[in-house]
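Please look over the sequence and the structure shown below.

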Amino acid sequence: MTKKQKKTMYRILVAAVLTLAAALLTHFVALPPLAQLGCFLVPYLVIGHDVLRKAVLGVVHGEVFDENFLMAVATVGAMVLGEYAEGVAVMLFYQVGELFQSYAVGKSRRSISDLMDIRPDFANLENADGSLRQVDPEEVAVGQVIVVRPGERVPLDGTVLAGRSTLNTSALTGESKPRSVAAGSEVISGCINNDGLLKVTVSKGYGESTVAKILDLVENSSLKKAKAENFITKFARYYTPAVCVGALALAVLPPLVLGGGWPVWSTWVARALTFLVISCPCALVISIPLSFFGGIGGASRSGILVKGGNYLEALAETKTIVFDKTGTLTKGVFAVSELTPAPGFAEGELLEIAALAESYSSHPISKSLRDACTAPLDAKRVAGVQEIAGHGVEAQVDGRAVAVGNARMMARHNITFTPANGAGTVVYLAVDGKFAGSILIADQLKPTAKSAMAALKEQGIRTVMLTGDAAPVAEAVAATLGIDEVHAELLPADKVSWLERLLAQKPPKTNLAFTGDGINDAPVLTRADIGIAMGALGSDAAIEAADVVLMDDDPAKIGLAMRIARKCMGIVYQNIVLALGIKAVCLVLGALGIANMWWAVFADVGVMILAVLNATRMLGGVKK
Amino acid sequence: MTKKFNIEVDCANCAAKIEDAIKKLPGVTRATISFMSQKMLLEAADAEFDTVLQAAVKTAKKVEPDFEITL
């Protein structure tokens, strides 16, 4: 409890005791009405003076019709009608409700903030003599060496200087799979060091490091408001005056029409006052931002950063998702995927000869050949290596003339070969002027890509792939993954114009999301209704350009993000209907004289509690 | 210039009303108040930022006397 809340609590206790004393006194001793009023006025002022003050200030400043005004009118009205005890009790009850509301909201605010609490408290700076000094991460400069002990949070981005350990990235990515690091590895702030001592050379100041960027993003997210949130505040602006006019009509019209003396008037005025208490709009207004805040918090726990409630709202209405291929659906890493040896050659032999011939080359294709080869590669077996640009490599391997390269390389040596048609880059191999076989090198699909696409299809989403890659490769990938539509061989500018076309095609009132890895995607990310960047861990460009940031590069997170968004919107609509519905029912009951003032305060506080509890369901996340 | 401030505001409706009132002030190009994160974002031209900020705080206190801001 905060200091303010404690103060309110003591005031409530004191006022409650005083009210009880006043009730007992007036019950057992026959006092004149004025003395009775005096007895109840003491607890009334103790508990209600701030409300009265704010109500008066509100009127002075032209801010009538706020809840303080409503409560002041209702309770003063009750006093005037001679219902002293009721006037005090209602004010007391109202303050209890306010206290509870402030406590509950504060508590859920904290528990959501805790989810996102990846702020490092300190950094262990290494002194020249090797001793350690605990400092604020903001004081550490680029190039200084810090020590991260097991169990501690990596405070700043950097490169491991010495040590070996595994890092727990779950606070950032929502994934519990540890990442192993050793000397030379990049480490990202916000991860937790699991087991070994790490010495890290700091590469970015605190303000520039990943953790600060993420915290900034999360902090700003609540400042971007969703349509639903703006709707409810706009609604409240008309609602409160409307209710006041309604209450006034309720107090004046029936007695005028029905006629009758003071008893009739006092009945209707009492009903009008009840009406006012029921109408307090705060429960309505509080539940919407709370739901969005919870949604953003729940998403961030799964490694999905949503930059604002408006994006959560837009994501829930997304029906078209456009994907980039390389790095988004595929790993963006080339690897040997198929070996087709010619008769007389074995698969292992084919790969070994090719890898040996290419052992001096730095080309990515050569690297993937070497990576795929399990046999030890002895450079002494290779001689006379000659790289022929646009063709491949010629070399002597174990004394045999080897040519490795594309179809042109084979043509150059007048070798008849069997062309391969796989999706990817084909490497042909000839030994002593004779065709030895082909090796297909292709980008690898991400393991979850297929199930992620299936899950999206189940949700009725149209999937489109745009890629700069060759058509056969793109079509093969799309067919394997079950993507609805594919457009290949696009230049970056073509991607934008295709996106425009897709935007024109999308069903009305739905949104189109673009998902990319954030590299060269910025124009498309910004043009789409929602830009989703993945694999953002360590990529500042992606964090900047996108509206939704997936911390790791798992495409399955897209479906998860959409389910979270829909759950959040579900809660938002439930809360709107719930709050408006209960209020409407109570207003009618109040007008008919069925609900009394006690019910009124209870309805106000009760609705609020239900809305808050409903909103906190967002913290539980959704089923994976 | 855009600046973020930590604020203290007790009710969601008041936060919305304060935001509304500040947005209408001359010189304010953007203003947002988040009740949940208890933050205020204010954007105004560099030259008059301080004057605008003062006016914004004054307006906020007028709407909600309990409004607190950490400058």
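In chain A, an open sheet of seven strands with mixed pairing runs in the order β10-β22-β21-β20-β11-β18-β19; strands here are DSSP runs of E with at least two residues, helices are runs of H or I with at least four residues, and both are numbered from the N terminus. The model is predicted, and local features need pLDDT of at least 70, side-chain atom pairs count only at pLDDT 80 or more, and totals for chains, interfaces and linings use all residues. Residues are numbered from 1 along each chain as its sequence is written, while chains are lettered from A and ligands numbered from 1 in the order in which they are written.

- Within chain A, strand β21 (residues 530–533) and strand β22 (residues 548–550) pair in the parallel sense over two bridges, and Ile532(A) stands opposite Val548(A) in β22(A).

**Domains of chain A**

- Chain A is divided into domain 1 (1–115), domain 2 (123–219), domain 3 (304–330 + 446–559) and domain 4 (331–445), with bounds that come from an automatic or database domain assignment.
- Taken over C-alpha atoms, the centres of domain 1 of chain A and domain 3 of chain A are separated by 54 Å.

**Packing of α2 and α3 in chain A**

- α2(A) and helix α3 (residues 67–80) of chain A pack with their axes 8 Å apart and at an angle of about 115°, the axes being lines fitted to C-alpha atoms, for helices over the stretch in contact, and angles running from 0 to 180 degrees between N-to-C directions.
- α2(A) and α3(A) are therefore roughly perpendicular to each other, a term that covers 65 to 115 degrees, whereas angles under 35 count as roughly parallel, over 145 as roughly antiparallel and the rest as oblique.
- Among the residues of α2(A) that meet α3(A) are Gly48(A), Val51(A) and Leu52(A), and those of α3(A) include Phe69(A) and Met71(A).

**Contact between chains A and B**

- The contact takes 19 residues from chain A and 15 residues from chain B, with two residues counted as in contact if their C-beta atoms, placed from the backbone, lie within 7 Å.
- On the side of chain A that touches chain B, α2 (33–60), α4 (84–115), α7 (227–258) and α9 (282–301) of chain A each supply at least two residues, and the largest share, six residues, comes from α9(A).

Definitions and conventions
Pairing = 2+ DSSP bridges.
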